[in-house]
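Have the structure open as you read.

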Amino acid sequence: MRVGSDMVKVVTTAPVDAAEVVREAMADAGAGVVGNYTACSFSFPGTGRFRPEDGAAPAIGAVGRLESVEEERIEFVAPRSVAAAVVEAARAVHPYE
C-alpha cells in the first residue's frame, strides 16, 4: 500500500463462528491486497452489545433485551473502487440483518 493511495479501511464485526466466512467474502470481493499478498486482514476478539427494538428481526437475542455476543472485529484495506462491493459481500454472508 502506498501513502496517498486511494485506499480505504473497511471494518465490520461478526460472531466468532461466522467471522471466517465474512473474511473470505470480503477478500473474494477485492479487499486485502497489499503488494504481492492477498486476503490480508486483521481481526481481534471483543464483545458486541445491542438491544433489538420493535421491528427488528434479530438473529441472536430478543426484541427489547440487551444481548452480548462474542465477536471478531475484522479490518481490511481496499481500493476505494471496490469498497462498495466488499461491503455488499460482507452483508450477503453476515448472519445479522
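## A link from D6 to R80

D6 and R80 form a salt bridge, with their closest N and O atoms 2.9 Å apart. The term salt bridge here asks for a side-chain nitrogen of Lys or Arg within 4 Å of a carboxyl oxygen of Asp or Glu. This pair ties together distant parts of the chain: D6 sits in the segment before β1, R80 belongs to helix α2 (residues 80–93), and 74 residues separate them. D6 counts as partly exposed at 47% relative accessibility; buried means under 20% relative accessible area, exposed over 50%, and partly exposed in between (1.4 Å probe, protein chains only).

Please keep in mind that this is a predicted model, in which local features need pLDDT of at least 70 and side-chain atom pairs count only at pLDDT 80 or more, while totals for chains, interfaces and linings use all residues. Residues are numbered from 1 along each chain as its sequence is written, and side-chain values use heavy atoms, leaving out hydrogens and water.

## The strands around β3

Strand β3 (residues 67–79) pairs with strand β1 (residues 7–15) in the antiparallel sense over 9 bridges. Strand β2 (residues 42–50) also runs antiparallel to β3, and 9 bridges join these two. Pairing requires that DSSP finds at least two bridges between the strands. Helices (H or I, at least four residues) and strands (E, at least two) are DSSP runs, numbered from the N terminus.

Is R23 buried or exposed? R23 is buried, because its relative accessible area is 15%. This arginine lies in helix α1 (residues 19–28). Leaving aside residues up to four places away in sequence, R23 touches S41, S43, E72, I74 and F76, where contact means heavy atoms within 4.5 Å.

With E72, R23 also forms a salt bridge (2.9 Å, N to O). That pair links helix α1 to strand β3 across 49 residues. E72 is buried too, at a relative accessible area of 17%.

## A network of charges

The structure holds 7 salt bridges. One of them joins the side chains of E75 and R73 (2.8 Å, N to O). Salt bridges with shared partners connect K9, R73 and E75 into one network.
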